[in-house]
Amino acid sequence: MWGGSPEPPCPRSGHSCDGTAFSCSDKKSAALRAGRLWRAAPHEGCAQLHKPLCITQIAQIFLQADVTNGLMLQLIYTDKKEPCRVIDPREKERLFAETIARNNRWLGVIARNNAPIDSWQDLEQEIKIAFWESLDTYRERSSLGTFFFSVAKNTAKEFRRKNHNARKRDESFYPNPVFVELDRDPLRAVEEFRATLGGLDWQVFTLYLDDLSYAEMSAALGVEEANLRKRMSRIKEQFKEKYRDF
Amino acid sequence: MELEQVKAAWQREKAMYFHEVDPKAILADTKQKAMKRHRDFNRQQITQILCGLFCLGMLAAEYRREGPLLANAGLTVMLLGLALMLGGSVILKYRLRVSHPWLPEKEFVAEEREKIAARIALLRRNVKWFLIPALLGFVAWQAGLAHSAKMVIALVVVATLACAGIFWFYRWKLRKDLLPILEDIDRELEYFRNSSKSRPE
């Protein structure tokens, strides 16, 4: 679609795009339409890189619109330094479905690693939405898997930060929550225990609960296996110490 | 309680939450939720803008050209303060809406820091430059309308209480909500800086 196959012709004039100006004979109406559609559906990457757009910049946009249903199919800003695109909707759906299907397991691991038990699904949903919205800016500079992990990791971190802070704030309102009946609940113990661990220990412990091997943990966290084994044995000791009487 | 027992409970919970789902169903669900989120955001913003404009309009209707100068000046200052507060918060919400989670971790965290810093700056700016002048404008407006001295004192008390309440809320929001996140982000950025320093050339 981008940088390979020729651009499809303008639906109004039938001319094809030369990449520098409108190929549509009705330049004024095309420019107006471009401006309107630009405002109606701003492309995040473009808006970030090229805002604010003046009328001459808008006039450099080559627009292809599906006139029959009024939907924008493709919008290319013809800046030679930093070309960007709005991905074709069908292509976007295909990439999304494929990536999610391929990385579903890791999506779960990231969600469990960064959210409390009752928010796993929320985080998973957040990541999916963030990935869906970010796909418009995917420019094939890295593999789609790397792009997905980048999005997932950053979204998870943001979620964790907000969630942790919101919980701390709520606890200041309700300082003594009553969990009498849950005192012996292993999942509550996990939550309690995880809250006492530092950043990396938290992740190691969660990956251990997820039944990942040390080799897989090492690949996911970028920490040596020997280091992970030491950490894990220390965490096990701490856990034993804390929950000996339960 | 044994760790293995905990691990088994975790696995059971995991199996309950996560199971293979048809990617097409996930896609449809995600698209629907993303669109709903946009719709909700726009609806919220439009409601806020309309409510704000309605309140400002109601207040502006109180303006009398032939009225006392003090009252008109007070009303104008108050309207201006409130309008700037409304405008600032609406613009900031639109600005903060944009997120770039595909950026490298360090850049993303720096972007998050900018967002939190912008929210903190807005709160501080609102209190310092807009809220207090707006309430002073309110007092001047009412005093200019030549109410009795008792009435003016009561209005000053009400304005002071309102100012104190809003000020307390802003402080609480800063202390409990924004500053801890900012500190957390700063710690993370510090970690990035240290790790890049300790990395061999």
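**Figure 1. Contact between chain B and chain A in the predicted model.** The contact draws 41 residues from chain A and 32 residues from chain B. On the side of chain B that touches chain A, at least two residues each come from helix H1 (3–17), helix H2 (23–60), helix H4 (105–144) and helix H5 (149–198) of chain B. H1(B) gives the most to this side, with 10 residues. By class, the residues on the side of chain B that touches chain A are 17 nonpolar, 12 charged and 3 polar.

**Figure 2. Packing of H2(B) against helix H3 (residues 69–97) of chain B.** Two packed helices are described by the angle between their axes and the distance between the axes. For H2(B) and H3(B) the angle is about 175 degrees and the axes are 10 Å apart. An angle over 145 degrees counts as roughly antiparallel, so H2(B) is roughly antiparallel to H3(B). H2(B) contributes B:Phe41, B:Gln45, B:Gln48, B:Ile49, B:Gly52, B:Leu56, B:Leu59 and B:Ala60. These meet B:Leu75, B:Leu79, B:Leu82, B:Ala83, B:Leu86, B:Val90, B:Lys93 and B:Arg97 in H3(B). The contact of H2(B) with H3(B) has 11 nonpolar, 3 polar and 2 charged residues.

**Figure 3. Span and buried residues of H3(B).** H3(B) has 29 residues, which at 1.5 Å a residue should span 42 Å. The end C-alpha atoms of H3(B) are 42 Å apart, in agreement with that expectation. B:Gly74, B:Leu75, B:Met78, B:Leu79 and B:Gly81 are the buried residues of H3(B). They pack against H2 and H4 of chain B. Two of them, B:Leu75 and B:Leu79, are buried and also take part in the contact with H2(B).

**Figure 4. Helix H9 (residues 214–221) and helix H10 (residues 225–242) of chain A.** The two helices pack at an angle of about 105 degrees, and their axes are 9 Å apart. Angles of 65 to 115 degrees count as roughly perpendicular, which is why H9(A) is described as roughly perpendicular to H10(A). From H9(A), A:Tyr214, A:Ala215, A:Met217 and A:Ser218 meet A:Glu225, A:Leu228 and A:Arg229 in H10(A). The residues of this contact divide into 4 nonpolar, 2 charged and 1 polar.

**Figure 5. A:Asp211 in the loop between helix H8 (199–209) and H9 of chain A.** Most residues other than glycine have a negative phi, and most peptide bonds are trans. Phi of A:Asp211, in contrast, is positive, near 70 degrees. A:Asp211 has 11 other C-beta atoms within 10 Å and is therefore exposed, the cut-off being 12 or fewer.

**Figure 6. Elements and confidence along chain A.** Chain A contains 10 helices and 3 strands, in the order α-α-α-β-β-β-α-α-α-α-α-α-α from the N terminus. Of the 246 residues in chain A, 26% are buried. Among contacts in chain A with a separation of 6 or more, 57% join residues 24 or more positions apart. The average pLDDT of chain A is 65, and 56% of the residues score at least 70. Confidence in chain A is highest in helix H5 (residues 120–134), at a mean of 90, and lowest in strand E2 (residues 71–77), at 34. Over residues 1–84 of chain A pLDDT stays under 50, and the model has 91 contacts beyond four places in sequence for this stretch. Over residues 174–182 of chain A pLDDT also stays under 50, with 2 such contacts in the model.

Technical notes:
Residues are numbered from 1 along each chain as its sequence is written. Chains are lettered from A and ligands numbered from 1 in the order in which they are written. This is a predicted model: local features need pLDDT of at least 70, side-chain atom pairs count only at pLDDT 80 or more; totals for chains, interfaces and linings use all residues. Two residues are in contact if their C-beta atoms, placed from the backbone, lie within 7 Å. Helices (H or I, at least four residues) and strands (E, at least two) are DSSP runs, numbered from the N terminus. Ala, Val, Leu, Ile, Met, Phe, Trp, Tyr, Cys and Pro count as nonpolar, Asp, Glu, Lys and Arg as charged, and the others, Gly among them, as polar. Axes are lines fitted to C-alpha atoms, for helices over the stretch in contact, and angles run from 0 to 180 degrees between N-to-C directions. Angles under 35 degrees count as roughly parallel, over 145 as roughly antiparallel, 65 to 115 as roughly perpendicular and the rest as oblique. A residue is buried if 20 or more other C-beta atoms lie within 10 Å of its own, exposed if 12 or fewer, and partly exposed in between; C-beta atoms are placed from the backbone. The expected span of a helix is 1.5 Å times one less than its number of residues. pLDDT is the predictor's confidence in each residue, from 0 to 100.
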